[in-house]
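Have it open while you read.

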Amino acid sequence: MNNENTSAMNASIKPDYTVGEHPDLPPPSNTVGTIAWVRENLLSSPANIIMTILSIYFLYKVLPPSLNWMFFDAAYVGEDRNACRAVANGACWAFISERFQLFTYGFYPIEHRWRVDLSFVLLVVAVIPILFDKTPYRKYGLIFAMVFPFIAGWLLTGGLGLAPVPTEKFGGFMLTLVVGITGIAFSLPLGILLALGRQSNLPIIKVFCVSFIEFIRGVPLITLLFVASTMLSYFLPPGTNFDLLLRVLIMVTLFSAGYMAEVIRGGLQAIPKGQFEASDAMGLKYWPSMRLIVLPQALKISIPGIVNTFIGLYKDTTLVIIIGLLDPLGIGRASLSDTKWTGLSNEVYLFVALFFFISCFGMSRYSLYLENKLQTEHRK
Amino acid sequence: MSNSTKIGTEQMNTDQDNIVIRINEMHKWYGQFHVLKNINLNVKRGEKIVICGPSGSGKSTMIRCINRLEEHQQGQIVVDGTELSNDLKNIEVVRKEVGMVFQHFNLFPHLTVLENCTLAPIWVRKTPRLEAEEMAMQYLERVKIPDQANKFPGQLSGGQQQRVAIARSLCMKPRIMLFDEPTSALDPEMIKEVLDVMIELASEGITMLCVTHEMGFAKTVADRVIFMDGGEIIEENSPQHFFDNPQHDRTRLFLSQILNH
Amino acid sequence: MSETALSQPQRNIVSRLWNDKETRSVIIQIIAFAAIFALFFYMIRNAVINLEAIGKDIDFAFLTQPASYDIGQTLIEYTSRSSHFTAMIVGIINTLLIAVFGIFLSTILGFTLGVLRLSKNWLTNKLAYVYIEYTRNVPVLLHILLIHGLIVHALPLPKNALNVGDAAFLTNRGFFLPSPQFEFLFWLVLGLFIIGIIFSLWFRSYAKKIQDSTGKYYPVFWISLGAIVGIPLIAYFILGSPIQWQIPELKGFNYKGGMVVRPEFIALWIALSCYTAAFIGEIVRAGITAVSWGQTEASSAFGINRSRTLSLVVIPQALRIIIPPLTSQYLNITKNSSLAIAIGYMDIVATIGGISLNQTGREMECMTIVLLLYLSFSLLISAFMNWYNKRIKLTER
């Protein structure tokens, strides 16, 4: 195209603005707004339209009956199952509300339940400074968080001035929290040690850590729990009567430590060699260099994996019912054998599922939030 | 090992009082590969040495042997009277005295600039925190970035990061500084700001060993230029002689390659 | 001249040994080894004393004694008079059966979910998201119990069985399906099928050779499909459908004949597959999104069409990312199948680690067998995974 041509074209168009000062115009109306959104996201092509229709049909088939069963046709109060059925065809939530205390505390003695409540309040106090780095007095909060498991252990089992409560009385959500939080609190440090051991250049330590990790990851948790409940006592000094809950706690901790170690090893491997060299060159010894330079970075990288391991552990606490401990699922199944409430398994399962969903979904959301925060923090 | 250290000490006391690094018939292998062959080098206190050579010639490996980031298998390295061997106490002593600046900065990304600088004084030299921070600010001022002290390394440009790395090493008050290609990873416009800091540092009498291809820097600062190739020291000379009148064919070839572009 | 150098010889021998790198590493390792060894020794000593005190020994002879319990679902011959060893084999087969079926179904569901999660359609995308989040955040044991409960409660007694075309009957005692009786001619069809597979493998490399040398392209997929499915199918009908179906019939309170699939198996199968599918869906989605948009753009810029861009550029790269976590999900299915004990499906844990253990009181022996069995499954799967990773790395160069 030659110059003459261009200028001729320009002349014929006659811009209604000064060149170089074109105003910002709104986009064409058919590309913004609700209608455009619907067209773009639901109806953009024949295949897309079919997908939308199928999805709506699916929702139509599934949603109204489920909602009816769960809420609109449900009975919230009633003496027993028949009372529920008399009022409504749907779920019988009266069962859950009647057994709510049992679901929460298990068979923990009623006069001592304040100890469980207090531990729970302290748990919240301990967790807040870990979760949010803007908590005031965070340093003291973190120190408290470290001693919390021991305080809670004392409060719940008693001794030293408190009336002792045998662990067989533990049950319900309280048991889930005890197993879950002990596992989380102790598997992280143990996992870190195992991961460092696996990366160590001392062959014996490395071999030991590798075989431990691979063994743990190679067998299902349920077999380890069986080991805890059936054969572990053989390996202890004759005459020791080792608390079943404690044995379970040890097994759950070891189990998730094995997975934790692999997650953290991934983080360790992702750290550039230069970081190790720089801390060596500065004269830092092994442990300070791990604590100050390597682990903070490795743990940060592995946060998603660590939280996933926590979630896995938390969900796995349900397995304790198989060796006879009564977590909410166990309480629910035990209650179903009561002739007053027989046949309400769906209500029990959904209620327990809701509890787990809230806890686990919360954890995974928090991990996402943390990931995003760390990603923006130390970068431009 | 302590036996040979004694000999080293005696020699130093008798003849050359002011030699801080003494490398004697040092060899190193990576598996079968002979990376360093019979290295002999004495560095006087306050001397500035520039080491150059084609890539893979072993120059980085050699200066990394001086603070034992790499282990040598044969020969002797004595730094400031301490012989480097498997003795961890000796390695600790040497690393306190020797600062190092890396090609890729190796700043700690999870710590602020200030924390990067105070980490080693606090944990290795056991300096009180306030004192360490004050000193760190002084050095950050000397490398002309005191205003970045509370940022994270990822927020700085390459040149600024490398200056932080220099300040970080200086905070340990080292007697010897090792530079491992400090400008190779930088964009051209940032090389000068780093070189300026290094030139200023040189004028203050610290002992410097610098692996670099910045020949201008070598001409202004170096007392001696060392040329390495294939794991050997091929030639060492004053910068003037080295550039104007190279003795060895390989040196001439190398110089012609890096100066004519 | 320097203080440090002069002070060196005065350091005592302990400090010198401890500070020597090699000696220190040897010392630490000897201590570690001694500690581990002492712990093991202590535990084994305790075990010996404890076993002696109650007059037990370690003896695997019980495996040959009759198990005297029934197993609902077996693929091999088993009666209550069979030995504990046979019961164990039944358990192993049942574990492998649920693992294989679970892997198959969860892969299909998982890939579907992954693709739905990438769908441009907002509604389907969100539906898949809700499903994945719900499933992942609820314990698998709960899924198993819930689905088992639904199947047992929702399905009718055998007398009111759900009748599917007069051939299959769904009841809460199990799914009764017609069982095939193969006639001689059927093996001919099977032979054709195998020939079809071999032919397709050969044809694929042949077509590639032709394409490499001449540029001519054969529709390999369709030709292979025809050879593997089409020809045997035609042969099957020409030969007069050489399979007889034995149809289950209601006799008394239950169905007889045909093939029965227990509700426990169905519940476990569906629950494990749906649970694992949620994880696989996320893996697939992450794998495909990880292949950078630039790769797709580059490929479209060459004018390569959409489906070929997917099959030649995106999928090979995504698979490389997907396969390792996918294998670990397969391993999880195998391990999670041990939860079968909660609903009474007789797998390894429920047979040898459950009823056999309780009947014989041989905790040590039974648990050792169970642990070793699971360890060998895991080692086999990881060995396969390592082999696969190595292969993939080689083709990369």
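1. First, a term: buried means under 20% relative accessible area, exposed over 50% and partly exposed in between, with a 1.4 Å probe and protein chains only. C:Q29 comes out at 8% relative accessibility, so this residue counts as buried. C:Q29 sits in helix α3 (residues 21-53) of chain C; helices here are DSSP runs of H or I with at least four residues, numbered from the N terminus. Sequence neighbours within four places aside, C:Q29 is in contact with A:L202, A:P203, A:I204 and A:I205, contact being heavy atoms within 4.5 Å.

2. A word on the basis. This is a predicted model, where local features need pLDDT of at least 70 and side-chain atom pairs count only at pLDDT 80 or more, while totals for chains, interfaces and linings use all residues. Residues are numbered from 1 along each chain as its sequence is written.

3. Now chain A: an automatic or database assignment divides this chain into domain 1 (29-89) and domain 2 (96-108 + 165-374). Taken over C-alpha atoms, the centres of the two domains are 36 Å apart.

4. How many residues of domain 1 of chain A are in contact with domain 2 of chain A? Eight, and they meet ten residues of domain 2 of chain A. The area buried between the two domains is about 610 Å², with 62% from carbon and sulfur atoms; buried area is the accessible area (1.4 Å probe) lost when two parts are put together, summed over both. On the domain 1 side, A:W69, A:D80 and A:R81 lose the most area, together 65% of what that side buries.

Note on methods
Chains lettered and ligands numbered in written order. Heavy atoms only, no water. Helix = DSSP H or I, 4+ residues; strand = E, 2+ residues; numbered from the N terminus.
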